[in-house]
Amino acid sequence: MSDDTLAPCLPANGPRYPLLDDAEGARVPDGADVFDAHVHLFPPRVFEAIWRWFDRHAWPVRYRLHAEEVVEFLRARGVCRFAGLAYAHAPGLARVLNHAMADLARVHPEIVPLGTVLPGEPDADDVLREAFGPLGLRGVKLHCHVQRMAADDPRLEAVYARCAAAGLPVVIHAGREPSFAAYGVDTRTLTAAAQIERVLQRHPRLTLVVPHLGADEFDAYAELLGRYENLWLDTTMAIGEYFEAGPSPAIFPGLAGRLLYGSDFPNLPYAWDRELRRIVREVKDPSALRAVLAGNAARVFGA
Ligand SMILES: [Zn+2]
C-alpha cells in the first residue's frame, strides 16, 4: 500500500492515490445475497470533513453520498443488509455519531448499526452503556489510526470487556496500512498483529473483526484465524488490486469460512462493486461464496 507509482501524476499536495473511472455494475452479481460488513454512515458535516481529508491525504472519493443516499444507492443495487460504521476522533463526538446511527437504523431496517467511542474520554463507559441500551447499537467500531492507539492500549480494556459481556462484536482497524503521515502517528510502529493476539488472549469471549484483511500483515492475520475462532477479517479495500500490497490469492477459498465481504462505501476511489466482482470470480464453491458475501457477516452481527 505504499505504492507511489500508482499516482505518478498527482500533485505533491494532493491525494496520494488516483481516482479510477472503472466500470461499475448496475446490481450485485447474479442476484447474490450480499451483506456488506463495512459501510460508513456519518452526519453530513462529518462526512464532508472526511471527504476533504481523503481528497488531501488519501484518495479522491468517488461517491460523495450522504447517509440517506448511501442507503438508497445500496438498496437499489441489491445490497440487502449492511453494517453501518462510524468512528470518533475527538471527545464528545461518539455520542453524536451513535445517536445519528440509531436514528438511521430506526428508519432503515437493512442497517445493522454499530456505535463508537473514543477510548479514554471521560464518559466512555456511559457512551457504550447508552449505545447498547436505549440506542440499540449492535457492536463498536474503533480505528487505531484515527484514534491514535494500539489495539492492546489499556484504555480499550473496558470497551472489550463490555462488548464481550454483551456478546457484541468490535470492528477495529488494527492493520498498519494505509499509513498516511496526516494521521499524526506512525501507524507502522503503532499497530501490529501481535497486539490483536494479546487482546484475543485476554478476552476469549470477545468477537473481533479486523478490516482490510489486516493490511499489510496479511499472513500474520491469516495465521491468527487458525488459532482464534472468534477472530474474523473483512475484505474491505484489500482485494481490489488498487494498492500494490495485497493478500496471497490462496485466501480464496482457503479462508472463506472466516472472511466478511466489506466495501468501505461510500469512501471509495473506484467502482462500488469492484471487490464484490473479484470475490464472485475467485470463490467458486457456492456455499463458500454465500458465507463470504453474507453468511459470515450475519453470524458475526447477529442479523
Ligand atoms: Zn472503513
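Which residues of strand 6 point one way and which the other, and are they buried or exposed? In this predicted model, Val-170 and Ile-172 point one way from strand 6 (residues 170-173), while Val-171 and His-173 point the other way. All of these residues are buried, where buried means under 20% relative accessible area, exposed over 50% and partly exposed in between, using a 1.4 Å probe and protein chains only.

A word on the ground rules comes before the rest. Residues are numbered from 1 along each chain as its sequence is written, and side-chain values use heavy atoms, with hydrogens and water left out. As the model is predicted, local features need pLDDT of at least 70 and side-chain atom pairs count only at pLDDT 80 or more, whereas totals for chains, interfaces and linings use all residues.

On pLDDT (the predictor's confidence in each residue, from 0 to 100), the protein chain averages 92, and 96% of the residues score at least 70.

Along its principal axes the C-alpha trace spans about 45 × 45 × 40 Å. Of the 303 residues, 60% count as buried. Among contacts between residues at least 6 apart in sequence, 77% join residues at least 24 apart.

Six strands make up an open sheet with parallel pairing, in the order 4-5-6-7-8-9. At the edges sit strand 4 (115-116) and strand 9 (259-260), each of which pairs on one side only. Two strands count as paired if DSSP finds at least two bridges between them. Strands 5 and 6 run parallel and are joined by four bridges; Leu-142 has Ile-172 as its bridge partner in strand 6. Over at the other end, strand 8 (residues 231-234) pairs with strand 9 in the parallel sense over two bridges, and Leu-233 is partnered by Leu-259 in strand 9.

Gly-115 belongs to edge strand 4 and, at 1% relative accessibility, counts as buried. Setting aside neighbours within four places in sequence, Gly-115 is in contact with Ala-86, Asn-98, Leu-137, Gly-139, Val-140 and Lys-141. Ala-76, by contrast, is 39 residues from Gly-115 in sequence and 25 Å away in space, C-alpha to C-alpha.

The model also carries a zinc ion, and its protein donors are His-38 (NE2), His-40 (NE2) and Asp-264 (OD), lying 2.1 Å from it. Donors here are N, O and S atoms within 2.8 Å of the metal (3.2 Å for Na, K and Ca); water is not among the atoms, so sites may look incomplete. Along the chain the donors follow the spacing H-x1-H-x223-D. His-40 lies in strand 1 (residues 34-40) and Asp-264 in the loop between strand 9 and helix 10 (274-282), so the pair ties together parts that are 224 residues apart in sequence. Both His-40 and Asp-264 are buried.

Finally, the structure holds 21 salt bridges, each a side-chain nitrogen of Lys or Arg within 4 Å of a carboxyl oxygen of Asp or Glu. One of them joins Asp-22 and Arg-274 at 2.8 Å, N to O. Asp-22 lies in the segment before strand 1 and Arg-274 in helix 10, so this pair ties together parts that are 252 residues apart in sequence. Asp-22 is buried at 17% relative accessibility, and a network of salt bridges links Asp-22, Glu-24, Arg-62 and Arg-274. In another, Arg-198 meets Asp-152, with the closest N and O atoms 2.7 Å apart. Arg-198 is partly exposed at 36% relative accessibility, whereas Asp-152 is buried at 16%.

Methods: Contact = heavy atoms within 4.5 Å.
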